[in-house]
Structures are given as C-alpha cells and as structure tokens.
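Good morning. I have one structure to go through today, and I will keep it short. Please look at the screen.

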Amino acid sequence: MVKICCIGAGYVGGPTMAVIALKCPEIEVAVVDISVPRINAWNSDQLPIFEPGLDEVVKQCRGKNLFFSTDVEKHVSEADIVFVSVNTPTKTCGLGAGKAADLTYWESAARMIADVSKSSKIVVEKSTVPVKTAEAIEKILTHNSKGISFQILSNPEFLAEGTAIINLLNPDRVLIGGRETLKGKEAIQMLEDVYAHWVPKDRIICTNLWSAELSKLAANAFLAQRISSVNAMSALCEATGADITQVSYAVGKDARIGPKFLNASVGFGGSCFQKDILNLVYICECNGLPVVANYWKQVIKLNDYQKTRFVNQVVSSMFNTVADKKITVLGFAFKKDTGDTRESPAIDVCKGLLGDKAQLSIYDPQVSEDQIKRDLSMSKFDWDHPAHLQPPSPIAIEKVRVVRDAYEATKDAHALCILTEWEEFRTLDYKRIYENMQKPAFVFDGRNIVNVKRLRKIGFIVYSIGKPLDA
Ligand code: NAD
C-alpha cells in the first residue's frame, strides 16, 4: 500500500489530500500539522475551513484512508510520497523583505524530513515557491540524509478557494515537474499514477522542475493582471460614461481573450495573488530584469489604487465626510464561498473608512467577529518601504460592530458598501433595507452584483464600479 503524507493541513493541504483519499481508496493519506487546534478541527464536525463540498469528502474518507495528525515525524517517516504544503508568505524583514517568499517553514519541513527518514522518498512541492527552490531543497535533503535518496517534484496547486473541491475533482490540468534523470522520471510516473485515478491523461502535464515552479507564479500573475486590467478600464469607464459590464462583454467575446475573469471589482484579495507577484518581482530583480519586475509591480499598484478609489468615492459622494456616519459593510471575506480574509480588499476599505472616522457595521456570513477585529487591528506591511513597518493603525475598533444579519447591519445606516459577492446579497429585500436607512441612502457596490436600475427606482443613490453614475 502506497503511503502519502502531507505536511501542512491548511486551505491547500486539507482539501487536496481529502480528494486524493477519496479517489484512491487503496492509498493511505495522512495530513499532518504542527497546529494542534487545526488538526483537532479537522478531526471534528467543525472543519477549520469553509469550502463547499469539503465536509462530505472528509466525512467519507476520514478514519478509513484519510487521517489528520500532529504526529508529524511518524507519518513522514512512514510515507513513500511526502507533499509539503506549508505556508510561504512574504518575508517581513531582512534581505528581500516585502517581496521575497519566506521559506522558513519550508526549510524546517525539509530538515525534518531528512532527519526522520529511514527510507527513500519522493518529496513534492505543493506550496507555491520561487523558481529554483527545488535546488535548495535538494541540497538540504542530500546533505542531511543518512544514505537514502530523495526525488524532488514540483506539483503546484491551482485550486481556487470557494471552488476547491470542484477544481480538485475536475482540474484544468495537473502539473508535475521533475528531474530528467531515470530516477526523476520514475518519481514523476509514480505521482502521475496517483492522479491518473481520476484525472484524464491529457490533463497531466509533465515538465522540468523550473518550468513547473515558474508556471504557478506565472498563472497567478496572469490572473491578477487580468483583474487589474479590467479594473483600470473601470476607472476610465466612470470618467467617460462607458459601462464596464458592456466593455467586458464586448472584449471577452474575442476568442483570443475569452470571457472569464473580466469582472470589475473593488480589487483582488486572497493569500496568493499579491504575495506571488511580489515574489515574481523579486525574482526578476535578482535576475537583472528591472523592466520586467516593474511591469508586474504595476498589477499590485493598480489593485491598491482601486481600493483607494473606492474609499474616495464613498467619502466624496457622502458630502466629503463620513465622520460618525454609520456605514454598513456587507462581506468581509476576500471572495464568496470562503471564510478566508487574507489580503481581503474589505480590510483596506474598512481601514480607509475608519480613517475618515466612520462607524462600521459589518456582516459576513462566514467570518467571525474575532477575525474581523484582528484583521482591522493589524498593521499593513508597506512593501515600498519595507524597512518601516507601519505601527498598528490608530483605528477606533470600538467604532466597529460585527452583526450576524444583513438587515440588522443596515438599520439606521447612511450607506451600504458591498465588498464580497455573496449570493445572498443579490436577493436581499432592498426595499425593506431602504426604509430602515437614513436618507439619502447610498449603495456602493464594490462587486457589481446589485441591479442598479431597480435600486435607483427604490430611492437609493447607487455607485457601482465602472458604471455611469447617472445611468
Ligand atoms: P495555510 O496557512 O492555510 O496552511 C499552511 C499550514 O502549514 C498551516 O496550518 C501551518 O501550521 C502548517 N505548517 C507550517 N510549517 C509546518 C511544519 N514545519 N510542519 C507541519 N506543519 C506546518 O496555507 P495555504 O493557504 O494552505 O497555502 C499553502 C501553500 O499553498 C502556500 O505556498 C500557498 O501559496 C499555496 N497555495 C495556496 C492556495 C490557496 O488558495 N490558499 C492555492 C494554491 C496554492
């Protein structure tokens, strides 16, 4: 029986391994983590992450061929294939601070693998890592191994939070990078055999290690760039009377461009896009490519600009001040169908409004009050000036109320900001909401999900990203 172990039971490690266990009943899969609360949650009815379809998959396999454990060393030592899916955040200090990937967790995992292994293993990079990381990992493993061999594979994960299970069950592609030696090819074949249980052969792409590592950074950079491109156009639409929905539709009809990922919004978030582009910028700079680095940097600059533009629109529309005005924030997660708030645009927008002394009433169906207050209390890392970590923002946390119902959140509010595209926000009773709000009542739709005409008919003053103000 092949044994798989995955180090890191997070948003990637948990769902990815659950699907492998589901599709490969003869393989024993152990997901290990140093975080006791996280593993306890994986072993309970309250999984640590919200992801549609995940509960069912975990319940079907847990205790049969899927195990969650904090006994990292035992499971690693017994495994034939060790996936490493630990976090790779942006470095916050030292060389490359504010841009380079922090590989501390990866290095400590690699050293531990070398330390506890008594048999040869395949080590799989599941985390997103800088191109050439496998070379460093190989050095750590071979210099610390006790006569056994390791094969390193790069198998980056392309799932999107909110649709992780669908993506994993039916991936566009599975990418496996490895050495072009005999042993490297055997290792690629072994991992290919795992995925071949459910992924069609033509969707499994095998490349060299560096192509696989770089493809993941490239894919995230392209996706984020598309969002920044459409958001750049949304600003021009507002200035000229064009409508971004119509422009996106017309542009997306070009078969060379395609319709996906062309929605204008308050900006992208999530733990990956920004950090992976920063990482790409750093790699370009290290390789003497400042023009290329600067090109990718603009994708993040534009994203920051879009959030600032949104806050400025709210304040200027509301007679240039939001001081002591109650503003309802609908949605705090970085996208719908997840409880993840990492790098959520809502954090920056809320901080901007609090900076102008607004009172916030926040509702998100999946994000807890503790999480929201923690996010709003954290200082934002300034990647342009990494030497100067900003002090915790002097926001008045007591001006933030977190409520568990959209109608309660909107009572007596002057304005409503939609920051996450949760389906339930499309179908709210906006007439009822209007009646309970202060007048004039404003709606600022950062996700373009409301019917602008209908809301204007009710009486709202509506701003929707990239749409004419008077349409
Ligand atoms: P996460 O923070 O949710 O999970 C990482 C886990 O690793 C944590 O639970 C942490 O406790 C654990 N960990 C760290 N060091 C460890 C060690 N030495 N031993 C055991 N456990 C350890 O992160 P995530 O969102 O799952 O992302 C993991 C990687 O996958 C990152 O590189 C990320 O860029 C990449 N990725 C993420 C997504 C996504 O949508 N979240 C998608 C594709 C790729």
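The shell around the ligand is made of twelve nonpolar, eleven polar and four charged residues. This is a predicted model, so please keep that in mind throughout. In total, 27 residues surround the ligand. Those closest to the ligand are Gly8, Gly10, Tyr11, Ser127 and Thr128. Which helix gives the most to this shell? That is helix 5, residues 104–116, with three residues.

The UniProt record, an unreviewed entry, places the feature "active site" at Cys272. Is Cys272 buried or exposed? Cys272 has 24 C-beta neighbours inside 10 Å, and the cut-off for buried is 20 or more, so Cys272 counts as buried.

Now to strand 6, residues 150–154. Five of the five residues of strand 6 are buried, so the strand is largely enclosed by the rest of the structure. Phe150, Ile152 and Ser154 point one way from strand 6, while Gln151 and Leu153 point the other way. Strand 6 pairs with strand 5, residues 121–125, in the parallel sense, over five bridges. Within that pairing, Ser154 of strand 6 has Glu125 opposite. How does the chain get from strand 5 to strand 6, and what is the hand of the crossover? The chain passes through helix 6, residues 133–144, and the β-α-β crossover is right-handed.

That is the end of my part.

Conventions. Residues are numbered from 1 along each chain as its sequence is written. This is a predicted model: local features need pLDDT of at least 70, side-chain atom pairs count only at pLDDT 80 or more; totals for chains, interfaces and linings use all residues. UniProt positions are given in the numbering used here, feature names are shortened, and annotations may be inferred rather than shown by experiment. A residue is buried if 20 or more other C-beta atoms lie within 10 Å of its own, exposed if 12 or fewer, and partly exposed in between; C-beta atoms are placed from the backbone. A residue is near a molecule or strand if its C-beta atom, placed from the backbone, lies within 6 Å of it. Helices (H or I, at least four residues) and strands (E, at least two) are DSSP runs, numbered from the N terminus. Ala, Val, Leu, Ile, Met, Phe, Trp, Tyr, Cys and Pro count as nonpolar, Asp, Glu, Lys and Arg as charged, and the others, Gly among them, as polar. Two strands pair if DSSP finds at least two bridges between them. A crossover is right-handed if, with the strands pointing away from the viewer, the path from the first strand over the helix to the second runs clockwise.
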